[in-house]
Amino acid sequence: MINKLFQRREAPLLIILAALVTIVCLLQPRFLSPGNLQSVLLWLPLLIIVALGEMAVILTRGIDVSVGSILGLSGMMTAMALRDYPELNIYVAALLATGIGAFLGAINGGLIAGAGTPPIVATLATLGIYRGLTFVVSSGKQVDDYQLPRNLARWSIDGPFGLSIPPYVVWIALIVAAAMHLFLTYSRTGRDWYAIGGEPDGASDRGVPVRLQTFCAYVLSGAGAGLAGLLYASRFGTVNPASIGNGFELLAIAAVVIGGTSIFGGSGTIAGVLLGCLLLGVINVALAVLNIAETWQSAVYGAVILMALLTDDAARRRLMKGARHK
Amino acid sequence: MISSRIRRLWNAYAPEIVVTILLILAFVISGWREPRFLDAAYLFDRSTLYTEIGLLTLSMTLIIVAGHIDLSVTSIIAFVGAIIATLYSRYGIPFWLLIPLAPVFGGFLGAVNGYFVARRNLPSLVVTLATMALYRGMAQILLGDSSLMTPPDYTGIERVTLPHTYLHTPLVIWITLCLVFAALLHRTVFGRYITVTGVNPEAALYSGVPVAQTLIRLFTLSGAMAGVCSVLLLSRLGVARYDHARGWELDVITAVVLGGTSIFGGRGTIYGSVVAFLLITIVQTGMGVAGVKAEIQVTAIGLLLLLAVLLSRLTTGRK
């Protein structure tokens, strides 16, 4: 059974994660304090939800670099709605954020699956467009924490059953992840995404509605980023058009690739993506705990993505070798 | 007879023709709304602001014709600038010695990209996305949030013009390199290799094209160009900062795709990229004159990129 565990794609990741936590603990025992645990946990939900959508797109051999801008535009618009209509229920706001995100994702999907634009070009263009629109709708002004409803901030402070660890936002992310796992495993659309990424022409010959299902992947990616926009408002309180969601696409793609989803599409697991997010979260908090300046963050992320790519490459070669021997 | 010739020209160069017409239109409209656009001195003066993007457009054209992409160039600019400024102000190495080293540093960083893409068969999109973060991060480690000064007498070299003309130094460099790159892509074996690799890398490999070697050289060239941009930018701004050139990759890729280079590789001309770059420059200068904020200008550039791709799908989709 242990053997089987080690054959899994996630095994090396788990080992790296354990090693990292051990090293950081040895250097700074304070790392496992409730406060630091809470900051890892608070950092995760946004990333998990965006990464799950990004994973769906990458499964189909696509890429969505506009998620950071979708998060920004949807978060900005929802925060403005909550400011201007204080009686707005926050669950309705969550629906609104998801809906805005899904709509923006549908534009991506339409350009890619409908008009045949390459994913990198379409989403690079909408990255710019949505980012600019965030400034247009907000006139460059930020929404402050006192303008947002109290119970929205509570999502990031309190948890269910009177426990504050983990807070509601983490539960939201975990529920979304579980739902996504079921969707990928049992739904027609989920299976089709794997088929499309594995071999687009083959999938089409087998009767998979490639364009429709590709479109759906981008809508889902947008919806996830949209919901994350509201969680951003809950987590940070203030929503500033210049900073919300900036560069988030890099983190999301990193988490997906580190989690073992093949960049060539067709393979990947939710467990892997969750571990990828966790690894980035632990690195983020570890840098702070070890008193390493925040300036190191970007370089460390870049190096970790490269390492993950090389691991993925090695795993792919091993797999090919194994297949040839049989 | 003549009409069939025009048709053949249109079939082969539709995107270049479209973008040339758009450039003329943009020029006429801007000149009519803002007479300053008809003043050569003003135009050449503004042009120095965009030289770096114009230079990156040239090397990015080759990369995209080969069927790849390089998102890390803007980070290479920042990183090379950071290295040079650090070596100069913290270690006292003479600045004139560092200037020729900039393309070397940049070329090395580009070769790292090339190694991952060509030897490890990893997609250039993800590799350069990773090195984009890595190089930018290393610039940030070197400089933090502070700015390092370059020697005062180096600042403003870009303001020097050729005697008796309005041509500033960067513009002269850019025009020269336009010709060099056009020759490289359209008149050399290396250019042929690039094109064939973009059309079909496997077929190219089986036809005896050294695909991996070509790609490594290409990414090295791309990095070296970013190094050149870095010294020009240092002269223009007078300081090195880690966030220099951030986000320019959108402008650069827009110019290349707008100029008719196929994002799938195998087709593209330097002429198209140059005209498209001029078009973007005019649109951006126009928006700047009209008081549109930089944050909102990205929306227009994004729309322009979409328009370019959709147009090229329409014109080439008829086959």
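The disulfide rule asks for a pair of cysteine sulfur atoms within 2.5 Å. By this rule I get 0 disulfides over all chains. Cys178(B) is in none. I checked burial next (buried is under 20% relative accessible area, exposed over 50%, partly exposed in between; 1.4 Å probe, protein chains only). Cys229(B) is buried at 0%, and Cys178(B) is buried at 9%.

This is a predicted model: local features need pLDDT of at least 70, side-chain atom pairs count only at pLDDT 80 or more, and totals for chains, interfaces and linings use all residues. Residues are numbered from 1 along each chain as its sequence is written.

I turned to the interface of chain B and chain A. The contact (heavy atoms within 4.5 Å) takes 36 residues from chain B and 36 residues from chain A. Val126(B), Ile141(B) and Leu306(B) supply 16% of the area that chain B buries against chain A, more than any other three residues. Buried area is the accessible area (1.4 Å probe) lost on putting two parts together, summed over both. The two chains bury about 3200 Å², 82% of it on carbon and sulfur atoms. H7(B) gives the most to chain B's side, with 13 residues.

Last, I checked H13(B). In H13(B), 14 of the 20 residues are buried, so the helix is largely enclosed by the rest of the structure.

Definitions and conventions. Chains lettered and ligands numbered in written order. Heavy atoms only, no water. Helix = DSSP H or I, 4+ residues; strand = E, 2+ residues; numbered from the N terminus.
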